[in-house]
Amino acid sequence: RQADAWGALLYLSKLPFVDRERIAVVGESQGGIITMLLASRRDVKLFDVPDGVNFKAAVAFYPRCSAAPEQLAIPTIILIGQLDDWEPPTICVRWMSLRDGRGAPVKLVVDPGAYHAFDTPGLGDGKRVSGHWLEYDPEATRKSMSEMHAFLASQFSK
């Protein structure tokens with residue numbers, strides 16, 4: 001999955017109508033975990049991506065924060081629901097405390113009434129999947145989209 005994202009970045013960076021300084025990575029759930037890993041600092045280059053080609057920012061919806069090291073290389077926003085029982089926000093809160101301000105800035109936004117996959121309209125009033133509750137929340141979706149757009153606008157204006 002990381003290779004797919006790096007491949008997409010490389011492809012986008014070569015398009016004449018794309019500003020390669022304004023490409024972010026966005027992922028949800030497992031994709032959010034991959035997003036966190038892509039935002040992580042590395043001592044070695046894992047993929048053949050030219051120097052100077054990188055994601056400018058990362059947006060991770062309800063990831064497992066503990067899957068990433070505490071230091072990230074690019075600014076990141078994490079959007080998660082307080083009621084998420086699949087990727088509990090307490091893990092992200094703990095992960096944030098372990099960071100101790102090191103690495104790129106990270107903003108954690110926890111929506112008090114939202115469950116896992118809160119931005120998936122097909123879930124409607126909710127359903128249980130693999131023992132976890134998933135439920136669409138239009139208000140949490142609106143707030144998270146607003147947070148994401150504001151975050152990306154601030155990163156891309158630098």
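Which exposed residues does the face of α3 turned away from its buried side carry? The points below take up this helix after the sheet and the core.

1. Basis. The model is predicted: local features require pLDDT of at least 70, side-chain atom pairs count only at pLDDT 80 or more, and totals for chains, interfaces and linings use all residues. Residues are numbered from 1 along each chain as its sequence is written, and side-chain values use heavy atoms, with hydrogens and water left out.

2. Sheet. Four strands form an open sheet in the order β1-β2-β3-β4, with parallel pairing (strands are DSSP E runs of at least two residues, helices H or I runs of at least four, numbered from the N terminus; pairing requires at least two DSSP bridges). β1 (24–28) and β4 are the edge strands, each with a single partner, so one side of each lacks a neighbour in the sheet. From one strand to the next the twist averages 10° (axes are lines fitted to C-alpha atoms, for helices over the stretch in contact, and angles between N-to-C directions run from 0 to 180 degrees). Six bridges join β3 and β4 in the parallel sense, and L79 stands opposite V109 in β4.

3. Helices on the sheet. α3 packs on the sheet, touching β3 and β4, and its direction makes about 155° with that of β4 (contact means heavy atoms within 4.5 Å). α4 also packs on the sheet, touching β1, β2, β3 and β4, at about 170° to the direction of β2.

4. Core. F55 and V59 touch the most other members of the largest nonpolar core, which has 39 residues (a set of buried Ala, Val, Leu, Ile, Met, Phe, Trp, Tyr and Cys residues joined through side-chain atoms within 4.5 Å; buried means under 20% relative accessible area, exposed over 50%, partly exposed in between, with a 1.4 Å probe and protein chains only). Leaving aside residues up to four places away in sequence, the contacts of V59 include I77, L79, M148 and F151.

5. Helix α3. The buried residues of α3 are P89, C92, W95 and R99. Viewed down the helix axis they fall within an arc of 110°, so they line one face of α3 (the arc is that of the directions from the axis to the C-beta atoms). Their cover includes α2, β3 and β4. The face turned away from this buried side carries the exposed residues T90, R94 and S97. Just after α3, D100 takes a positive phi of about 50°.

6. Disulfide. The whole structure contains one disulfide (cysteine sulfur atoms within 2.5 Å). This bond joins C65 to C92, S to S 2.1 Å. C65 lies in the loop between β2 and β3 and C92 in helix α3, 27 residues apart. Both cysteines, C65 and C92, are buried.
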